Amino acid sequence: MRAARSLLFLAFSVFLVSAQTTEVPLPLTGGNLSRLAALLPLPGQFVSILEKRPSLSTVGLETRVLRVGGSPQALYQVIVSASKGVRAPCDPRLGITEEEYRQYLVFQSVLASTGKTVRLPLARDSSRVVFGNVTGLNGVLDGVSINLRTGEMRGPEGYSALPTLVPASTAPDRVLDVRSGFQWKVIGSDATAGNGVKGTLNLLELGSGMIVLNYTRTSMINRKLAEGEIIVGYER
């Protein structure tokens, strides 16, 4: 059993090393720290649990069909089918080839509400926000803290990361209408202690005013491996 655990952690450590990046985030200053504090949730904050769902994107297709003078009626039928998650056969009246049709009508992930709402467990003072756990969050955020004076995020595995700024999204086929935000990429491992983590935390403000907090991580504490992702949305 001990040998099997050692091999598991070795594989996990190799996975972490291969995923490391050369980008070195800088500490936040001034207005960015104030913005970070304003986006983070408050104690007792109610949040909606979100999930990723597949959706058909037709933005590129609409532009291409209109550019070549294709049939608006045929395009409308395609859009109606796509809104139901169905890829209709390519209609020659669109004025594009089958290959173009497959290229422009693509599946992508969108965020949708699960219909579940929870009161977010966290402690917050003037210097730090510390997340807890509650049914529905699956322990993903439990023990994660963010320093309000430096922007540093630290996880229960013992590793930390500084954030990078997320710019506003401007692409017409963007999945999320991001106004601004922050991202942390935390990576580390210690074979002796049996701890390690590879995680990405996103804190995003959308054009609608909603704030999305998303944490995806593969974690090991005392050689116990766990994977998880949680996405919540709320307003401040």
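Me: Which residue of β4 stands opposite arginine 124?

Reply: Valine 129 stands opposite arginine 124. A word on the source: this is a predicted model, where local features need pLDDT of at least 70, side-chain atom pairs count only at pLDDT 80 or more, and totals for chains, interfaces and linings use all residues. Residues are numbered from 1 along each chain as its sequence is written, and side-chain values use heavy atoms, with hydrogens and water left out.

Me: What is a strand, and when do two strands pair?

Reply: Strands (E, at least two residues) and helices (H or I, at least four) are DSSP runs, numbered from the N terminus. Two strands pair if DSSP finds at least two bridges between them. Take β3 and β4 (residues 128–131): three bridges join them, and they run antiparallel.

Me: How many helices and strands does the chain have?

Reply: Five helices and twelve strands.

Me: What is the strand order in the open sheet of five strands?

Reply: Read across: β3-β4-β5-β6-β7, with antiparallel pairing. The edges are β3 (122–124) and β7 (160–161). Each has a single partner strand, so one side of each is left without a neighbour in the sheet.

Me: And what is the order in the open sheet of seven strands?

Reply: That order is β2-β1-β12-β11-β10-β9-β8, again with antiparallel pairing. Here β2 (106–119) and β8 (163–166) stand at the edges. From one strand to the next, the twist averages 25 degrees.

Me: How many bridges join β9 and β10?

Reply: Twelve, in the antiparallel sense, with β9 covering residues 178–190. Pick out one: aspartate 190 has asparagine 195 in β10 as its bridge partner. The two strands form a hairpin with four residues between them. In that turn, glycine 194 has a positive phi of about 75 degrees.

Me: How does β10 pair with β11?

Reply: β10 and β11 (residues 211–221) pair in the antiparallel sense over ten bridges. Leucine 201 stands opposite tyrosine 215 in β11. This hairpin has four residues between the strands, and glycine 209 takes a positive phi near 100 degrees.

Me: How many bridges join β11 to β12?

Reply: Eleven, and the strands run antiparallel, with β12 at residues 224–234. Across that pair, isoleucine 211 stands opposite tyrosine 234.

Me: How do I tell buried from exposed?

Reply: Of the 236 residues of the chain, 38% count as buried. Now look at β10, residues 195–206. Ten of its twelve residues are buried, so β10 is largely enclosed by the rest of the structure.

Me: What lies across β8, β9, β10, β11 and β12?

Reply: Helix α2 (residues 30–39) does. It runs at about 90 degrees to β9.

Me: Where is serine 71?

Reply: Serine 71 sits in the loop between α3 (59–68) and α4 (72–83). It counts as buried, at 14% relative accessibility.

Me: What is serine 71 in contact with, leaving aside its neighbours within four places in sequence?

Reply: Contact means heavy atoms within 4.5 Å. By that rule, serine 71 is in contact with Val65, Arg93 and Leu94. A polar atom of its side chain also lies 3.1 Å from the backbone nitrogen of alanine 74. Sequence distance is another thing: serine 71 and aspartate 91 are 20 residues apart in sequence, and 9.3 Å apart in space, C-alpha to C-alpha.

Me: How much of the chain's contacts join residues at least 24 apart?

Reply: Among contacts between residues at least 6 apart in sequence, 56% do.

Me: Where is asparagine 138?

Reply: Asparagine 138 is in the loop between β4 and β5 (145–147). It has a positive phi of about 60 degrees and is not a glycine. Asparagine 138 is exposed, with a relative accessible area of 61%.

Notes. Buried < 20%, exposed > 50% of the residue type's maximum accessible area, 1.4 Å probe, protein only. Polar contact = N/O pair within 3.5 Å; in protein donor to acceptor, adjacent residues only side chain to side chain. Axes fitted to C-alpha atoms, helices over the stretch in contact; angles between N-to-C directions.
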